[in-house]
Amino acid sequence: MRNAFIGALLLSAVAAPALAQTAVPATAPRFVTVTDSGVLSSNLVGLNVTNAGGQTIGEIKDVAFDTNRNVEGYILSVGGFLGMSQHYVGVDPAAVAITYDATDKKWLAKMNATADQLKAAPAFEYGGRWKS
């Protein structure tokens with residue numbers, strides 16, 4: 001009887017989905033003031049990226065952060081039509097100039113690249129821990 005109970009206990013432990021434990025910081029929260037020069041990720045996601053010729057070469061789909069919470073890269077969607085055959089690439093944030101046009105009240109993203117260069121770049125694949 002005892003072996004059956006231990007077996008059932010082990011089976012339920014293996015069958016139960018593993019819940020990720022999130023560490024709680026030991027320090028009290030720090031509050032910050034976001035300056036006028038700051039950029040929100042919501043201002044970036046969905047922003048078209050143009051080149052020097054004014055051609056749209058991609059769209060910012062995501063922002064990737066490293067383990068220190070620094071921006072590691074922008075995930076751009078290139079090519080495709082109406083969501084079909086989209087190709088995603090990760091680009092260094094230093095390669096994309098983000099500015100705010102106060103006159104038109106809109107954010108701009110420019111990059112020194114062509115659509116063909118982005119299409120030929122190594123693909124970023126949403127999967128594993130990045131799969132939604």
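1. The model has an open sheet of 6 strands, ordered S4-S3-S2-S1-S6-S5, with mixed pairing. Strands are DSSP runs (E, at least two residues), numbered from the N terminus, and two strands pair if DSSP finds at least two bridges between them. Strand S4 (87–91) and strand S5 (96–101) are at the edges with a single partner strand each, so one side of each has no neighbour in the sheet. Direction ignored, neighbouring strands are turned by 40° against each other on average, the axes being lines fitted to C-alpha atoms.

2. This is a predicted model, in which local features need pLDDT of at least 70 and side-chain atom pairs count only at pLDDT 80 or more, while totals for chains, interfaces and linings use all residues. Residues are numbered from 1 along each chain as its sequence is written, and side-chain values use heavy atoms, with hydrogens and water left out.

3. S5 is joined by 6 bridges to strand S6 (residues 106–111), and the two run antiparallel. Across this pairing, Thr99 stands opposite Leu108 in S6.

4. The largest pocket holds about 210 Å³ of space. A pocket here is an open set of points on a 1 Å grid over the protein atoms alone, where a 1.4 Å probe fits, with protein on both sides within 12 Å along at least five of seven lines; lining residues have an atom within 4 Å of a point. The volume is the space filled by probe spheres set on the points, which are joined across faces, edges and corners.

5. Residues lining the largest pocket include Asp62, Phe65, Glu72, Tyr126 and Trp130. Strand S2 (56–65) and strand S3 (71–78) are the elements that give two or more residues to this lining; S2 gives the most, with 4 residues.

Definitions and conventions:
Axes fitted to C-alpha atoms, helices over the stretch in contact; angles between N-to-C directions.
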